[in-house]
Amino acid sequence: MTLNESSENYLEAILMLSKKLPVVRSVDIAESMGFKKSSVSVAMKQLRENNYITVTKAGFIYLTDQGNEVAEMIYERHEFLRTWLISLGIDEQTATEDACRMEHDISQESFRVIKEYIEKTAEYYKK
């Protein structure tokens, strides 16, 4: 299954909630993302069927290794791009919104090269 932007956002939300809460439930995801619980349930079913999450009988949601890998990748892109945009002088809200769109569309190769370039440039200016 190729993940779409929505699925990636759900995985990222589960990752972020799991860092703050002892367990993650559909209602937590719905509240954090501003969605109806019914919409979240449909998405969780799809993610579970494709082995990105597991759901316990009690309704606790956990990322699988595969789901965690995607979530960490999306989160890294988001934070890196957001921080970079802010450093360029873009206001925090716009940078956050733009990073959220960019994180899904940029290829792995382009992100890697941009990240390497920015890190090299930062090191150069520290000297």
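1. The secondary structure of this predicted model comes to six helices and two strands, where helices (H or I, at least four residues) and strands (E, at least two) are DSSP runs numbered from the N terminus. From the N terminus on, the elements follow the order α-α-α-β-β-α-α-α, and the C-alpha trace spans about 55 × 25 × 25 Å along its principal axes.

2. Residues are numbered from 1 along each chain as its sequence is written, and side-chain values use heavy atoms, with hydrogens and water left out. Because the model is predicted, local features need pLDDT of at least 70 and side-chain atom pairs count only at pLDDT 80 or more, while totals for chains, interfaces and linings use all residues.

3. Helix H1 (residues 5-20) and helix H2 (residues 26-33) have axes that come within 10 Å and cross at roughly 105°, which makes H1 roughly perpendicular to H2, a term for angles of 65 to 115 degrees. Axes here are lines fitted to C-alpha atoms over the stretch in contact, with angles from 0 to 180 degrees between N-to-C directions. To the contact (heavy atoms within 4.5 Å), H1 brings Asn-9, Tyr-10, Ala-13, Ile-14 and Leu-17, and H2 brings Asp-28, Ile-29, Ser-32 and Met-33.

4. The largest pocket holds about 250 Å³ of space; a pocket is an open set of points on a 1 Å grid where a 1.4 Å probe fits, with protein on both sides within 12 Å along at least five of seven lines, and lining residues have an atom within 4 Å of a point. The volume is the space filled by probe spheres set on the points. H1, H2, helix H4 (65-87) and helix H5 (92-105) each supply at least two lining residues, and H1 gives the largest share, four residues. Among the lining residues are Asn-9, Ser-32, Glu-79 and Cys-100.

5. The structure holds seven salt bridges, each a side-chain nitrogen of Lys or Arg within 4 Å of a carboxyl oxygen of Asp or Glu. One of them joins Arg-82 to Glu-79, with the closest N and O atoms 3.3 Å apart; both residues lie in helix H4, three residues apart, about one turn of the helix.

Technical notes. Parallel < 35°, antiparallel > 145°, perpendicular 65-115°, else oblique.
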